[in-house]
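Colleague: Could you walk me through this model, one feature at a time?

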Amino acid sequence: MRELELYFGPQHMGMVGNMSITLKVEGDRILEAQTNPGWLHRGFEKLMEYRTWIQNFPMVCRINVIEPDSMEMVYAMGVEKLAKIEVPERANYIRTIVLELSRLSSHLFGCWAYANMLGFDTIAQWAMYHRDLVLDLFEELTGARVYHIYIWPGGVRRDLPKGFKNKVLSTLHTIGSSVPDYDATFFNNRLFYERAKQIGKITEKEAKELGATGQILRATGMKFDIRKIEPYAAYDKVDFEIPTREDGDAYSRVWLIRDEMIQSVHIVMQCLEKIPQGEVYNRIPNPFKWKVAKGEAYVRVESSRGELGLYMVSNGKDKPYRVHFRTPSYPHGLLILEKLLENASIADVGNTMISLYVVAPEIDR
Amino acid sequence: MNKLLKGELESAFKDVLVNILEETRLTATAPKDAVLSILSFLKNKGYDHLALISCVDWIEEKEFELVYVLTSYSEKDRKEHIILKTRILRKKPEFKTVISVFKNAEPYERELHELFGINFEGNERLTPLFLERDYKIPPFRKDFDTREYVKETFDKIPFVEEEKE
């Protein structure tokens, strides 16, 4: 049979996100795949060297379009570590609530993408609707739906508004009470099982070799979650589980997303109950004249997709000297996707890619 | 844990400077020839997760600093991070690839090749990753001025003139 080169994306129906793959195919079998990122490269890390520590926030949150809060968190943690700023206890709890709500919205978006790709349009619309409810909460809390710029060095920008707790609880109740519907129509659906089982299978050894984190690693049976390993914010004060699966295929990864959403709901509920009174931020110096002490730091958080790290260098000036984000999609999209697509069929490209939960802007930065 | 590792690293390699940054972060500065052997030494010690390869352009000292951030997948030292640093001359931006030790180094080296112009000998896939245009100076170096570049490149594009009726 003749070997052909096939371009997949960035504007393709089966593709979510601005990324393209060059496939070498024979019939409908893929011989070789090459991912081409760069459609969204904005050079943020370079631009950050021209702006003050605080001015960088509007760029930081735009690195990951779907889940901006963990980006803000990791940047704020980096600045706090370099400048040695303490965070008040109440702010830690609020941060945890925001991060978990944002994980929830991101996972719902992931459910939308996956269900949509498989043709489960109803479930996709439900997920989108529920994500919108979470975004409404963000709108009330921060004033913005998508890019919040809420987490700040030294705490968060403002306290929870009046009556916010009840609104969160009612939204979580709405989402939680539709879990049986999701299960009956999607997660326990035979079609989903047939379509996702044994797709994009990866072993624990391979996953480790290629630098995987997040669901991809947890789907192979490894309990690896930075919220437990190096607790930040208030994660050491709440009780939650790390869901894992054994098979390492698309089916396990999508199930993990569902299980993690339930854990997120539990964490938010606990935080709302335990949240102490007090200040929500420690005053930082005048941002225009703020010089951060010389030094370097590597901090990391568990974003909805895996390990999100930040290497930051300061040379004692009012601007960072070097900022480099270690985003989870980077190894997932560039190495693991290429590996899993070898010998797969063309119909499974979208399936594999969306189950890996790759966000293209995170790779490009 | 950190003090133990500090001692081990310093006794196994002569010119390594180890500094304890904080409880779970350790920096090690090594000469460039020793990097590959230190990385495989650490990998055998259980630090099997290469989280990041980064580069810092110290233009005043005329050097690039390559940074390898290592941590572990195994249960006992998951918290620990080793930040291994080495310096190469800006005039001669060449280094050896570490793919033989860590497979996932490939895209990081590809990125540094494109953005800093560092040539990693032995990496066969140093093709463009993000950038579309050709740049005289690799754009993430400190002597590349983004604002100047934008002015030069995009100011020359004439405005679309309004049609006169």
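Colleague: What is the mean pLDDT of chain A?

Modeller: pLDDT is the predictor's confidence in each residue, from 0 to 100. Where pLDDT is low, the predicted coordinates should not be read in detail. For chain A the mean is 88, with 98% of its residues at 70 or more. Among the elements of chain A, strand 8 has the highest mean pLDDT (92) and helix 14 (residues 349-356) the lowest (85). Helices (H or I, at least four residues) and strands (E, at least two) are DSSP runs, numbered from the N terminus.

Colleague: Now the sheets. What is the strand order in the open sheet of three strands in chain A?

Modeller: Strands of a sheet pair through backbone hydrogen bonds, either parallel or antiparallel. Here, two strands pair if DSSP finds at least two bridges between them. In chain A the order is 6-7-8, with antiparallel pairing. Strand 6 (295-303) and strand 8 of chain A are at the edges with a single partner strand each, so one side of each has no neighbour in the sheet. From one strand to the next, the twist averages 15 degrees. Strand 6 and strand 7 of chain A are joined by nine bridges, and Val301(A) stands opposite Leu308(A) in strand 7.

Colleague: And which order do the five strands of the open sheet in chain B follow?

Modeller: That order is 1-2-5-4-3, with mixed pairing. Its edge strands, strand 1 (17-22) and strand 3 (49-58) of chain B, each pair on one side only. Five bridges link strand 1 to strand 2 (residues 25-29) of chain B, running antiparallel, and Ile20(B) is opposite Leu26(B) in strand 2.

Colleague: How should I read helix packing?

Modeller: Two packed helices are described by the angle between their axes and the distance between the axes. Axes are lines fitted to C-alpha atoms, for helices over the stretch in contact, and angles run from 0 to 180 degrees between N-to-C directions. Angles under 35 degrees count as roughly parallel, over 145 as roughly antiparallel, 65 to 115 as roughly perpendicular and the rest as oblique.

Colleague: At what angle do helix 12 and helix 14 of chain A pack?

Modeller: Helix 12 (residues 250-274) and helix 14 of chain A pack at about 40 degrees, their axes 9 Å apart. That makes helix 12 of chain A oblique to helix 14 of chain A. By comparison, helix 6 (residues 164-177) of chain A packs with helix 12 of chain A at about 155 degrees, with axes 11 Å apart. Helix 6 and helix 12 of chain A are therefore roughly antiparallel to each other.

Colleague: Finally, how many residues of chain A are in contact with chain B?

Modeller: Residues are in contact if their C-beta atoms, placed from the backbone, lie within 7 Å. On that basis, 27 residues of chain A are in contact with 25 residues of chain B. Among the elements that each supply at least two residues to that side of chain A are helix 1 (44-47) and helix 13 (329-341).

Key. Residues numbered from 1 in each chain as written. Chains lettered and ligands numbered in written order. Predicted model: local features only at pLDDT ≥ 70, side-chain atom pairs only at ≥ 80, totals over all residues. Contact = placed C-beta atoms within 7 Å.
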